[in-house]
Amino acid sequence: MATVTREQVQERVIEALASFGPEISSITPEATFEQLDIDSLDLVELAQIVEDEYGVVLKGEDMKELKTVDDAVELIASRAA
Amino acid sequence: MPDKRRIVITGIGAVTPLGVGARPLHEEWAAGVCGIEDGAGRCSAFDPSEFLSVKEARRLDRVSQFAVVAADEALAQAGWGGPATNGGAAERPYDPFRVGCVIATGIGGIATVEANHDLMREKGAARVSPLGVPMYMPNAPAAAVSMRHGLQGQMYGVVSACSGGAHAIGSAVRMIQYGDADAVVAGGAEATLTEFGFACFNALQALSPTGSSRPFDLRRDGFVMGEGAGVLVLEEAEAARARGATILGEVAGYGSTSDAHHLTAPEPTGRPASRAIGMALADAGVSAADLAYVNAHGTSTQLNDAAETAALKLALGERAGDIPVSSTKSAIGHLLGAAGAVEAVATLQALNERLIPPTLGYEVPDPELDLDYVPGQARPLQPVNGGPPVAVSNSFAFGGHNVALVIRGAG
């Protein structure tokens with residue numbers, strides 16, 4: 001797990017978010033979840049994917065603070081490292 | 001009692017095994033086309049991506065997808081504009097808090113239950129989807145229609161198995177009559193053609209082992225399960241006229257009783273069901289002499305078709321044998337919680353097209369069942385007593401529910 005890069009995490013997060021509905025081209029690091037119409041239910045699904053993939057457990061508390069795609073990537077990458 | 005508010009129908013929508021839309025339901029059925037294949041009435045032509053975004057589609061079980069698409073069609077016909085999310089809310093003719101939404105389902109999102117149960121067994125309880133409950137809850141179809149169209153009055157699902165769609169319409173009628181709403185989007189939806197759905201209904205020995213739906217025929221051996229949805233836009237008559245709506249017809253009467261007899265078998269004398277029919281006729285202020293058609297529950301089970309025939313004879317008396325009776329289930333199978341709503345749509349279409357579609361597959365009469373079941377082909381509907389034609393639509397259900405609707409066509 002120690003070998004996972006930030007780029008890999010970003011790629012996986014974007015892929016996961018795209019499967020929830022938004023156009024993949026709109027999912028930039030700066031995009032906010034509000035802009036992407038990603039809500040709390042989507043974030044729970046994202047947390048499940050991340051845990052399966054990287055063994056990183058994200059709780060509701062962790063997710064509440066996330067505003068942008070990059071916020072999520074940063075949190076997951078730092079925990080996975 | 002003061003005069004009741006009258007309830008008119010201004011839009012209809014359907015998704016059925018005969019196609020997406022209300023029109024194929026009548027046209028295909030009247031042409032003798034049967035939508036049943038390999039022992040099931042599947043909505044094979046339905047592609048959710050034609051109507052729903054990725055996000056919408058993945059958050060709605062198939063049962064809610066059917067409801068939403070049928071509601072879109074009904075509301076478009078009523079002239080209410082498109083989904084609220086596309087700006088259609090600006091065209092709504094009523095205060096959104098005065099518009100209700102009642103959508104039945106017999107089972108709910110069973111495919112979602114199955115998929116999540118599999119996930120739990122394979123990967124553990126923590127891997128169950130957060131979308132599980134909001135997708136399978138039986139009020140999900142009603143909630144989906146309400147959200148999509150910005151309907152903010154009373155909104156709920158109805159749970160009464162195979163009479164749910166008819167109960168939804170009856171509840172909507174009473175809601176408007178009491179003055180709690182000016183309009184209600186009402187209907188039913190079902191999507192149970194899953195491995196578990198078939199297993200459970202098969203275990204009950206309710207399904208036809210030959211995969212044929214031939215109501216009232218001597219050889220009938222069970223029902224064929226179907227899927228889909230029917231939705232009607234109901235409005236208080238004066239309000240609908242004031243806004244210049246096209247009036248398609250009227251839900252003139254509603255009656256409902258219970259058998260208090262058995263979990264699955266109908267009460268064999270037909271007395272409780274006949275009371276529901278009698279109540280609906282009285283509610284509409286009409287008698288058997290006024291009826292041009294009966295759209296039967298007609299499931300193709302031994303017990304239902306016999307009990308329903310008995311109920312019709314009790315309720316309609318000497319005229320029972322003169323009134324054409326046909327079953328939509330002969331063309332699409334049994335849509336369970338959607339059946340009553342889809343069949344209300346089909347009844348209205350028969351009245352307005354002045355054409356009674358036949359009971360398909362009815363070839364060998366049962367000597368015990370002696371009504372006119374409209375064998376062979378569609379038949380012109382003969383209005384009786386002048387004025388717009390009137391019909392009864394029956395819905396009965398496991399649990400002992402009986403519902404009759406009296407529907408009046410356009411003049």
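Analyst: The bounds of a domain come from an automatic or database domain assignment. The structure shown above is a predicted model, in which local features need pLDDT of at least 70, side-chain atom pairs count only at pLDDT 80 or more, and totals for chains, interfaces and linings use all residues. Residues are numbered from 1 along each chain as its sequence is written, while chains are lettered from A and ligands numbered from 1 in the order in which they are written.

User: What makes chain B a chain with two domains, and how far apart do their C-alpha centres lie?

Analyst: The domain assignment of chain B gives domain 1 (7-249) and domain 2 (251-409). Their C-alpha centres lie 21 Å apart. The contact between them takes 65 residues from domain 1 of chain B and 62 residues from domain 2 of chain B; two residues are in contact if their C-beta atoms, placed from the backbone, lie within 7 Å.

User: Which elements supply the side of domain 1 of chain B that touches domain 2 of chain B?

Analyst: At least two residues each come from β1 (7-16), α1 (22-30), α7 (164-178), β5 (183-190) and β6 (228-236) of chain B. The largest share, eight residues, belongs to α7(B). These names follow DSSP runs numbered from the N terminus: helices are H or I runs of at least four residues, and strands are E runs of at least two. By class, this side of domain 1 of chain B has 35 nonpolar, 24 polar and six charged residues. Here Ala, Val, Leu, Ile, Met, Phe, Trp, Tyr, Cys and Pro count as nonpolar, Asp, Glu, Lys and Arg as charged, and the others, Gly among them, as polar.

User: How do you know what confidence the predictor has in chain B?

Analyst: The guide is pLDDT, the predictor's confidence in each residue, from 0 to 100. Chain B has a mean pLDDT of 96, and 100% of its residues reach 70 or more. For the model, the scores are ipTM 0.90 and pTM 0.97.

User: Why is chain B called as compact as a globular protein of its length?

Analyst: The radius of gyration is taken over C-alpha atoms, and the globule rule is 2.2 Å times the number of residues to the power 0.38. For 411 residues the rule gives 22 Å, and chain B has 20 Å, which is close to that value; therefore chain B is as compact as a globular protein of that length. Chain B contains 13 helices and 13 strands, and its C-alpha atoms fill a box of roughly 60 × 50 × 40 Å along the principal axes.

User: Why is B:Phe216 called buried?

Analyst: A residue is buried if 20 or more other C-beta atoms lie within 10 Å of its own, exposed if 12 or fewer, and partly exposed in between; C-beta atoms are placed from the backbone. B:Phe216 has 30 other C-beta atoms within 10 Å, so it is buried. Its place is in the loop between α8 (195-203) and β6 of chain B, and its phi is near 70°, a positive value in a residue other than glycine. Most residues other than glycine have a negative phi.

User: What makes B:Glu353 partly exposed?

Analyst: B:Glu353, in helix α13 of chain B, has 16 other C-beta atoms within 10 Å, so it is partly exposed. Of the 411 residues of chain B, 58% count as buried.

User: Which residues have the most contacts inside the largest nonpolar core?

Analyst: They are B:Ala67, B:Val184, B:Leu232 and B:Leu234, in a core of 128 residues. Such a core is a set of buried Ala, Val, Leu, Ile, Met, Phe, Trp, Tyr and Cys residues joined through C-beta atoms within 7 Å. This core draws at least three residues from each of domain 1 and domain 2 of chain B. Beyond its neighbours within four places in sequence, B:Val184 is in contact with residues including B:Val99, B:Ala172 and B:Leu234. A second, separate core of 19 residues includes A:Ala47, A:Val56, A:Val73 and A:Ile76.

User: How do you know whether A:Phe33 is buried or exposed?

Analyst: A:Phe33 has 21 other C-beta atoms within 10 Å, so it is buried. A:Phe33 lies in the loop between α1 (6-19) and α2 (40-54) of chain A. Leaving aside neighbours within four places in sequence, A:Phe33 is in contact with A:Ile38, A:Leu66 and A:Lys67.
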